[in-house]
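Me: I want to check the labels on this model against their cut-offs. Please show me the sequence and the structure, then take my questions in turn.

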Amino acid sequence: MNGFLPINKQDMQDRGWYYCDFLLVTGDAYVDHPSFGTAIISRVLEDAGYKVAILSQPDFHDERDFVAMGRPRYAVLINGGNIDSMVAHYTAAKKRRSDDAYTPGGKAGKRPDRAVTVYAMLARRAFPDTPIYLGGIEASLRRFAHYDYWADRVMPSILESTGADGLMFGMSEHSVVELANNLKHGKKGADACKGVRGTAYMAHDADDIENAVACPSYEDVCASKPDYARSVKLQYDEQDAVRGKALLQRHGKRILIQNPPARPLTTEEMDHVYALPYMRTYHPSYEALGGVPAIQEVQFSIIHNRGCFGACNFCALAFHQGRYIQARSHESVIAEAKQIVQMPGFKGYIHDVGGPTANFRFPSCKMQEEHGLCKNKRCLFPSTCKNIEADHTDYLNLLRELRQIEGIKKVFVRSGLRYDYMMADHNDAFFRELVEHHISGQLKVAPEHMSDNALYYMGKPSFSVYEQFRERYARINQKLGRKQYLVPYLMSSHPGATLDDAILLAEYLNRVGYMPEQVQDFYPTPGTLSTAMYYTEIDPRTMKPVYVAKTPEEKAMQRALLQWRRPDKRPIVLAALKKAGREDLIGFGKECLIRPARGEKPPAPSGHAAKSGKSARPAAHRPTAPKKKGWAKAKRKK
């Protein structure tokens, strides 16, 4: 018998089990590593004394795989996997992906579209009287009525569409154990969720819920885009474990009740979770199929924190993990690193010491423990809050300790460095050692755009902050005698970003001599403020109109402008420049993006370009932002 949890009836019998307490169904292959939600939840339940079996990627055409596992004693727990099943299957252009990194051999098609919904229906058919609870990111982001990009319509809460008894949102270690204990003590169905923070359920009334906030109903958000925008803003406002209230949303004759978010894990609790007996790899039954590709990114990496107070509008982290930072102790991280050193295949390189945001080790200010995070303010947007405590000392000391472990040659930091937080730290010690010891030739960061207009709608700071960071990075590299590159992640077609903004970004990239190999087109996934902007063309923060590029033609233009040198993009770039009246960028000057076709004369310069000989940039093309006091203040500080 191996150290993995049972994945079939025979495994259970080998352990002497006649049944399991919980059957955990997942859309991923079974990987027993703490980077996978299935592994954490199953090990936490096991640690609490429950028998857990894993049903991984069952045949979704009928319920036979469910029946074969046998009826669980308490409940079926369902997640779609580490990433949303629709994102796993489709690109931002809604084209079908050809592979799936979370499936043995990288094979596509082993999980259904809308996996949580399909699995819940199969579980109900297999075990009609057994409670079903949903979790993971796919269910978490669909807990309220939500816009579905793939169906292009508003859909009800996933609880309503699946008929599940309850749902755990966010990081659910506390919630799942409390729920399990309620079931053990005889509570049934939705009643087991009552009073459990971090859960949601459907009820016929909410008479016993005190001090709750009512969102516009499912029927209202379907009929009214302003109501949808208001609803999303209310949901974000209460996503705080300290000050957040219960939320209500009527769906016909029933009411969705979301309890306040679960309390964050303490450092001691987080250490305990990461010290559970994970096998740290995929189940051996997958070896003959080629293994599970997703393990390659995380097998020799360490997660040291959770949460992100950066809270970009397009990111699901604020609505799922929350903005409050939770961190592991140095001792816990070092113990995991020593485990990694002993693993087969380890060659001396810790690939990453990161998390949602690598360089956050504690809450952004001391007031959060008592008052929670500010409802209508952001820690880093539009500028860094005056109360922020930007200090990398603890993270730097952790990296130094990891570097000293015998058997480790190099410790890299690759995921999610917030450069704006680094710039708020006036001590350069972390920046210097990052460049000297923790980069492998290039550093990836995410400015996303250079137009302040686009950045405003993304919830990102002014581009001037990135420019300051880029200059400091270059100076430190020069001082250390290093030649290391800065690779910016960029996004096209975000709500609020216009064709003029895309041209501004293309001009900037041309000036600095960089063309990205990859560009992410904005992907409207459930549960984000940006998706609400995309659907409603309203900014939920201000309730003011937002321009949204929705047609395939304009989305293709914005994307192509960021890769203007590619020959296959030339016709689209040409059409975009003509549409925007920027023919001055077609020519042979160094400021031009593309050359005229052979035998064709470049367009005659006009306006400012004609007078100065430089690229025209009328006022309409300059970065702008809505007139807002905080934003204006940030711009004056440049």
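Reply: Start with α14 and α16: His330, Val333, Ile334 and Ala337 in α14 meet Asp394, Asn397, Leu398, Glu401 and Leu402 in α16 (contact means heavy atoms within 4.5 Å). By class, this contact has five nonpolar, two polar and two charged residues (Ala, Val, Leu, Ile, Met, Phe, Trp, Tyr, Cys and Pro count as nonpolar; Asp, Glu, Lys and Arg as charged; the others, Gly among them, as polar). The model is predicted: local features need pLDDT of at least 70 and side-chain atom pairs 80 or more, while totals for chains, interfaces and linings use all residues. Residues are numbered from 1 along each chain as its sequence is written, and side-chain values use heavy atoms, leaving out hydrogens and water.

Me: What makes α14 roughly parallel to α16?

Reply: Their axes come within 10 Å and cross at roughly 30° (axes are lines fitted to C-alpha atoms, for helices over the stretch in contact; angles run from 0 to 180 degrees between N-to-C directions). Roughly parallel means under 35 degrees (over 145 is roughly antiparallel, 65 to 115 roughly perpendicular, the rest oblique). So α14 is roughly parallel to α16. The crossing is right-handed (near helix turned clockwise from the far one by less than a right angle; anticlockwise is left-handed).

Me: Why are α21 and α23 called roughly parallel to each other?

Reply: Helix α21 (residues 499–512) and helix α23 (residues 552–561) pack at about 15°, with axes 8 Å apart. That angle meets the cut-off, so the label holds for α21 and α23. Their crossing is left-handed. Leu499, Ala502, Ile503 and Ala506 in α21 meet Glu554, Met557, Gln558 and Leu561 in α23. These residues divide into six nonpolar, one polar and one charged.

Me: How do you know that β20 and β22 stand at the edges?

Reply: The open sheet has the order β20-β21-β22, with parallel pairing (two strands pair if DSSP finds at least two bridges between them). β20 (442–448) and β22 (520–521) each have a single partner strand, so one side of each lacks a neighbour in the sheet. Two bridges join β21 (residues 485–492) to β22. Methionine 491 stands opposite glutamine 520 in β22.

Me: Which strands are the edge strands of the nine-stranded sheet?

Reply: That open sheet runs β3-β1-β4-β5-β8-β9-β12-β11-β10, with mixed pairing. β3 (52–56) and β10 (213–214) are the edge strands, each pairing on one side only. Strand β9 (residues 199–203) pairs with β12 (residues 254–258) in the antiparallel sense over four bridges. Methionine 202 faces leucine 256 in β12. Helix α10 (residues 225–237) lies across β10 and β11 (247–251), at about 145° to β11.

Me: Why is glutamate 238 called buried?

Reply: Glutamate 238 has a relative accessible area of 4%. Buried means under 20%, exposed over 50%, partly exposed in between (1.4 Å probe, protein chains only). Glutamate 238 is therefore buried. It is found in the loop between α10 and β11. Beyond four places in sequence, glutamate 238 touches Val213, Arg243, Gly244, Lys245, Leu247, Pro261 and Lys375.

Me: What makes arginine 263 count as partly exposed?

Reply: Its relative accessibility is 45%, so arginine 263 counts as partly exposed. Arginine 263 lies in the loop between β12 and α11 (267–274). Leaving aside neighbours within four places, arginine 263 is in contact with His174, Arg197, Ala241 and Val242. Tyrosine 324 is 61 residues from arginine 263 in sequence and 9.8 Å away in space, C-alpha to C-alpha.
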